[in-house]
Amino acid sequence: MARPATAAIRLLSGEREPVRLATTANITLYGLQTIDGVLTQVGDRILVKDQADQTQNGIYTASEGQWFRAADARAARTMQKGTTVHVQEGAVSADRVYAFETLDPVIGADPIVLSFYLSQDTLGGAVNAANAAAASAAAALTSKNAAATSATNAAGSATAASGSASAASTSATNAATSATNAGNSATAAAGSASTASSSSTSAGTSASAATGSATAASNSATAASGSATSAATSATNAAASAVAAANAVAALGYTFSTSTADADPGNGTLRLNNASAASATAAYIDNLDSSGATVSGVLDGFDDSTNAVKGQLTLRSKASAAIAYVYNVTGSVVDGTGYRKLTLAYVSGAGTLPNTTDGIWLIFARAGDKGADGLGSGDFTGPASSAADNIVTFAGTTGKAGKDSGVAVGSLVAGPASAATDNIATFNGTTGKVVKDSGVAVASLAPKANASFTGTFSPPTNAIALNTLADSAAVSVLGRSINSSGARADIAAGSDDTLLRRVSSALGFGQLTAGMVPAGLVTYAMLASGAIASNSEFQLGTASKLLTAAALKSTVAYQTLTSGASVSWDMSLGNNASLAAGTNVTIGNPTNAVPQFGFVLKITAVTSARTVSLSANLVLAAGVESFPITIQTTETVFLAGFVDTTSRLVITSVLRT
């Protein structure tokens with residue numbers, strides 16, 4: 001099967017891949033069958049256009065079983081109104097082009113209508129056919145007149161022949177009389193009688209021949225009259241065919257005028273408002289076409305579409321399809337005196353329109369109506385008024401309302417065309433609205449780790465300078481040796497492992513003695529002797545020791561319990577625990593429980609749903625889900641409560657997640 005264009009090009013041009021055949025009646029969409037006089041083959045593309053259920057119309061692929069829609073004709077966009085398809089074979093539809101007429105069809109739900117498509121080439125052919133039909137009509141009329149003349153002549157011949165027959169009959173009578181007279185004179189004129197008898201016989205034969213000629217002439221006259229009648233009927237039909245052909249292409253014949261004035265161009269004439277057809281913005285069309293028919297009603301319908309573009313107007317030479325101009329009709333039809341005015345927008349064209357009498361076609365294709373306007377529920381709305389060049393900002397949180405920010409665009413700070421990343425911006429000029437790249441990077445302003453001073457450093461007033469704290473080369477501290485007024489004394493350095501201390505009223509270096517440590521103060525010796533509480537010691541409160549962060553975290557973390565028929569829980573390891581139940585379990589009586597502490601037990605089911613029961617020392621608060629309970633593999637259950645006594649735990653809630 002020929003593929004004159006790629007599928008992509010056909011999609012853009014609104015043309016489907018050609019089909020082999022097109023149906024001419026309702027068919028069953030199953031099995032190989034004869035379509036339009038041709039037997040289908042597996043894989044043939046078939047245009048189905050005449051189904052009783054029009055929702056079945058479309059392009060199908062022929063099959064020995066159930067037919068299905070072709071891959072390029074299964075969606076609304078591939079069978080849009082205006083999409084065309086060419087038929088390759090068939091007794092009726094070979095070389096025809098059909099167009100889809102349904103707008104946005106829902107495939108399988110909406111009726112799909114197809115019609116015979118007339119392209120510009122087809123239009124030219126139809127016009128030529130109309131002209132040929134008109135010529136045939138004229139020739140038939142001439143034949144009719146000639147036949148009528150022949151009939152008249154034949155009738156004259158018949159009349160003349162009838163006169164000859166009458167004269168011959170009179171001659172026969174006279175001859176018979178002569179024969180009788182001759183008989184009476186038989187003796188005297190025997191030879192004459194014989195001659196007269198022969199003459200009588202010849203005259204009778206002539207009379208019979210004349211009568212036959214008259215009959216033949218009459219028959220010829222009748223036949224000629226019938227031919228004339230048939231010729232007249234043919235002429236009438238040909239004229240009607242010419243009119244129908246012209247109407248079929250939706251074209252009106254006109255004479256083109258090169259005048260550009262806004263006035264009645266005259267009967268059967270139209271003109272443009274510009275000598276250059278490509279620059280024309282208006283057309284002035286007489287209410288009569290070139291055949292003298294009143295077409296003002298047709299012209300008035302050119303603005304019926306509710307679209308901004310009412311349709312396309314084509315002016316085309318009858319002699320050459322290559323000479324044509326296409327315009328969009330963009331306004332209402334204006335009624336002039338004896339003519340109509342159209343507002344045009346040039347689309348394309350070529351050649352020079354002929355100004356010969358009845359030399360152009362006026363062709364109009366109406367645009368579809370405009371669709372319904374949207375509700376506007378998503379529109380962005382602004383304030384009733386605003387200041388020119390002010391910036392718009394949102395008015396609220398809907399994202400659909402704006403307001404005048406009060407900030408003019410001209411008041412914004414303008415920056416340089418380019419800048420280095422992380423450089424500091426500084427003002428460029430005195431307007432306060434223009435900035436520039438200072439060339440100074442932010443990183444270059446970071447303080448240095450060690451300050452380096454040059455020259456003599458002068459401390460601020462009242463500041464303690466280094467030389468007021470240290471005494472020359474000796475490592476010593478200046479201060480007052482007693483809590484009294486007086487000059488500063490040099491506090492001499494003590495021996496190794498000593499510290500600056502005050503004993504009574506004197507300051508000095510010396511060893512730290514046990515008596516100097518207040519009761520309850522943690523000393524290094526205490527830390528060194530292991531004064532860090534273990535998790536168990538902290539949980540049970542059995543030792544007055546410090547708790548490390550790690551130990552504290554361990555006490556509040558979930559302690560992992562071992563799954564089994566009876567689950568043990570040593571609460572000295574923490575009051576929070578987790579259990580992955582691999583079987584049905586019973587939570588045993590906890591050990592090392594400390595009253596007035598809260599607890600949480602997290603339980604999950606492994607592999608399958610598990611049943612959880614409680615020992616006697618685990619009791620439920622009022623309103624709590626009763627036990628035993630079942631836990632699914634898809635959930636986690638938390639038992640929360642508090643320690644009432646060393647042997648009794650109260651469950652205050654069962655939480656499922």
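Two strands are taken to pair if DSSP finds at least two bridges between them; helices (H or I, at least four residues) and strands (E, at least two) are DSSP runs, numbered from the N terminus.

1. Basis. This is a predicted model, in which local features need pLDDT of at least 70 and side-chain atom pairs count only at pLDDT 80 or more, while totals for chains, interfaces and linings use all residues. Residues are numbered from 1 along each chain as its sequence is written, and side-chain values use heavy atoms, with hydrogens and water left out.

2. Sheet. Strands β26 and β28 (residues 576–581) run parallel and are joined by two bridges. Within this pairing, Gln559 has Ala577 of β28 as its bridge partner. Both strands belong to an open sheet of six strands with mixed pairing, in the order β26-β28-β30-β34-β35-β32. Its edges are β26 (559–560) and β32 (618–620), each of which pairs on one side only. In general, the strands of a sheet pair through backbone hydrogen bonds, either parallel or antiparallel.

3. Overall content. The protein has eight helices and 35 strands. Of its 657 residues, 31% count as buried (buried means under 20% relative accessible area, exposed over 50%, partly exposed in between; 1.4 Å probe, protein chains only). The accessible surface comes to about 37300 Å², and 56% of this belongs to carbon and sulfur atoms; areas come from the Shrake-Rupley method with a 1.4 Å probe, and for residues only the protein chains shown count as cover. Among contacts (heavy atoms within 4.5 Å) with a separation of 6 or more, 47% are between residues 24 or more positions apart.

4. Salt bridge Asp72–Arg45. The structure holds 13 salt bridges, a salt bridge being a side-chain nitrogen of Lys or Arg within 4 Å of a carboxyl oxygen of Asp or Glu. One of them joins Asp72 to Arg45, with the closest N and O atoms 3.1 Å apart. This pair links distant parts of the chain, 27 residues apart: Asp72 is in the loop between β6 (68–69) and β7 (84–86), and Arg45 is in strand β4 (residues 45–48). Asp72 counts as buried because its relative accessibility is 18%, and Arg45 counts as buried at 11%.

5. Salt bridge Arg366–Asp369. The side chains of Arg366 and Asp369 meet in a salt bridge at 2.9 Å, N to O. Arg366 counts as partly exposed at 43% relative accessibility, and Asp369 counts as partly exposed at 47%.

6. Salt bridge Arg656–Glu635. The closest N and O atoms of Arg656 and Glu635 are 2.9 Å apart, in a salt bridge. Arg656 is in strand β35 (residues 648–656) and Glu635 is in the loop between β33 (629–631) and β34 (636–645), so the pair ties together parts 21 residues apart in sequence. Arg656 counts as partly exposed, at 34% relative accessibility, whereas Glu635 counts as buried, at 15%.

7. Surface patch. Leu32, Leu39 and Val42 form a nonpolar patch on the surface, with about 280 Å² of accessible area together. Patches are made of residues with over 30% relative accessible area and no salt bridge; like charges are joined within 9 Å, nonpolar side chains (Val, Leu, Ile, Met, Phe, Trp, Tyr) within 5 Å. Leu39 is found in strand β3 (residues 38–39). With a relative accessibility of 55%, Leu39 counts as exposed.
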